[in-house]
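Please look at the sequence and the structure first, and then read on.

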Amino acid sequence: MDKFKSPVYNVISVPVEKIVANDYNPNIVAPPEMKLLELSIWEDGYTMPCVCYYIKDQDLYELVDGYHRYLVMKTSKRIYERENGMLPVSIINKDISERMASTIRHNRARGVHSVELMSNIISELSKAGMSDAWIIRNIGMSKDELIRLKQITGLAELFANNDFSLSEDWVEE
């Protein structure tokens, strides 16, 4: 029996022009998060490869995961130039239904951000002396989001270590 080796151990560099999007990815990223992704790739480089299926007869790579990282390469001139138009890719060899399932698993496994945890992060960054402008730029949020998270944190700190209950005259209708 062959020993399984995860695809990430065989990352290759592929010209972005040889990569094509699939037509079954339901994931959508809002413009602010796309800007943050571009900033993340600019500041940190590509830290995760895209996942592709190699279409041998066309010599193309179909995306299974990483569409938005691919899109950043296609739309950001500075990243395209720095990376010489090459995208890190890990290959999976699965039939179409397995690739579709893989796309969904990748998307859903990323999860969502907890408001409480994000509020705690904002609180810690503020306590560490990071400015609002720094937080907005580096965390990728709007001024309104930052204010809301700071308000949530402020309210949470008001009630920390205190018992809280509804008053005796509270009547549920």
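Which residues of the largest nonpolar core touch the most other members?

## The largest nonpolar core

Among the 16 residues of this core, Ile19, Tyr46 and Leu87 touch the most other members. A nonpolar core is here a set of buried Ala, Val, Leu, Ile, Met, Phe, Trp, Tyr and Cys residues joined through side-chain atoms within 4.5 Å, where buried means under 20% relative accessible area, exposed means over 50%, and partly exposed lies in between, with a 1.4 Å probe and protein chains only. At least two residues of the core are supplied by each of helix 1 (31-44), strand 3 (50-55), strand 4 (60-65), helix 2 (67-75) and strand 5 (86-91), and the largest share, three residues, comes from helix 2. In soluble globular proteins, nonpolar side chains tend to be buried together.

A second, separate core has seven residues, among them Ile135, Met141, Leu146 and Leu149.

## The model and its overall make-up

The model is a predicted one, in which local features need pLDDT of at least 70 and side-chain atom pairs count only at pLDDT 80 or more, whereas totals for chains, interfaces and linings use all residues. Residues are numbered from 1 along each chain as its sequence is written, and side-chain values use heavy atoms, with hydrogens and water left out.

The protein chain has seven helices and five strands, in the order β-β-α-β-β-α-α-β-α-α-α-α from the N terminus on; helices (H or I, at least four residues) and strands (E, at least two) are DSSP runs, numbered from the N terminus. Of its 173 residues, 29% count as buried, and of the contacts with a separation of 6 or more, 74% are between residues 24 or more positions apart. The chain exposes about 12,400 Å², of which carbon and sulfur atoms supply 56%, the areas coming from the Shrake-Rupley method with a 1.4 Å probe and, for residues, with only the protein chains shown counting as cover.

## Strand 3 and its partners

Strand 3 is joined to strand 5 by three bridges, and these two strands run parallel; two strands pair if DSSP finds at least two bridges between them. In this pairing, Val51 stands opposite Ser90 in strand 5.

Strand 3 is also joined to strand 4, by five bridges, and here the strands run antiparallel, with Tyr53 opposite Glu62 in strand 4. Four residues lie between the strands of this hairpin, in which Asp59 takes a positive phi near 50°.

Most residues other than glycine have a negative phi. Asp59, in the loop between strand 3 and strand 4, is partly exposed because its relative accessibility is 31%. Asn84, in the loop between helix 3 (77-82) and strand 5, has a positive phi near 55°, and Asn84 counts as exposed because its relative accessible area is 60%.

Leaving aside its neighbours within four places in sequence, Ser102 is in contact with Val64 and Ile92.

Terms used. Contact means heavy atoms within 4.5 Å.
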